[in-house]
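My notes follow in the order I made them.

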Amino acid sequence: MKSFRTITILFLTLISLAYTPKTNSQQTKEIEAGCIQQIRNGFIPNSQPMKALLTGSEVAEFRTTLFEGNTYRIATCSPTNKKIWFSVYDTNKNLLFSSSQQQYSASWDFQMEGNMECIIEAGLMPDGEDSGLALVLIGFKTSGVKL
């Protein structure tokens with residue numbers, strides 16, 4: 001009797017583990033698809049979405065290299081349409097952009113004047129929910145480099 005109960009619990013645990021990642025992965029793909037729609041209109045989405053599960057006032061930090069001659073669009077999304085704030089810094093932590101200065105816009109377009117490694121910090125706006133997924137996507141388009 002005891003081994004039957006153990007096998008049943010093990011079986012149910014394995015089923016729940018097998019089902020949960022598929023659900024989370026599917027939900028994440030749907031969110032990415034919605035976020036990609038913000039990137040389109042002449043921009044090519046980066047194939048590397050930046051995502052973090054955040055709790056409370058946690059801040060996610062992402063690093064990316066941006067190149068001269070490209071115009072970029074940063075877009076943010078969450079599964080519950082929760083607003084996400086984001087800031088872009090150079091590697092010396094000089095602020096280049098903050099969505100807080102733009103009414104927490106969900107996207108930002110900008111052009112690079114040189115090659116630069118950047119730090120993108122993102123967090124969830126406080127509104128009573130304790131946690132959530134923050135997704136940041138970057139799209140680019142070239143501006144015709146002269147040789």
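I began with Glu-117, which is partly exposed at a relative accessible area of 37% (buried means under 20% relative accessible area, exposed over 50%, partly exposed in between, with a 1.4 Å probe and protein chains only). The model is predicted, so local features need pLDDT of at least 70 and side-chain atom pairs count only at pLDDT 80 or more, while totals for chains, interfaces and linings use all residues. Residues are numbered from 1 along each chain as its sequence is written, and side-chain values use heavy atoms, without hydrogens and water.

**Salt bridges.** I found four salt bridges in the structure (a side-chain nitrogen of Lys or Arg within 4 Å of a carboxyl oxygen of Asp or Glu). Glu-117 meets Arg-63 in one of them, at 3.4 Å from N to O. Arg-63 lies in strand S3 and Glu-117 in strand S8, so this pair ties together parts 54 residues apart in sequence. Strands here are DSSP runs (E, at least two residues), numbered from the N terminus. Arg-63 also forms a salt bridge with Glu-61, with the closest N and O atoms 3.8 Å apart. I noted Glu-61, Arg-63 and Glu-117 as a linked network.

Next I looked up Glu-121, whose salt bridge with Lys-93 has its closest N and O atoms 2.5 Å apart. Glu-121 lies in strand S8 and Lys-93 in the loop between S5 and S6, so the pair ties together parts 28 residues apart in sequence. Glu-121 is buried at 14%, whereas Lys-93 is partly exposed at 40%.

**The sheet.** I traced four strands in an open sheet, ordered S3-S8-S5-S6, with antiparallel pairing (two strands pair if DSSP finds at least two bridges between them). S3 and S6 stand at the edges with a single partner strand each, so one side of each has no neighbour in the sheet. S3 and S8 pair over seven bridges, and Arg-63 stands opposite Ile-119. S5 and S6 form a hairpin with four residues between them, and Lys-93 in the turn has a positive phi of about 65 degrees.
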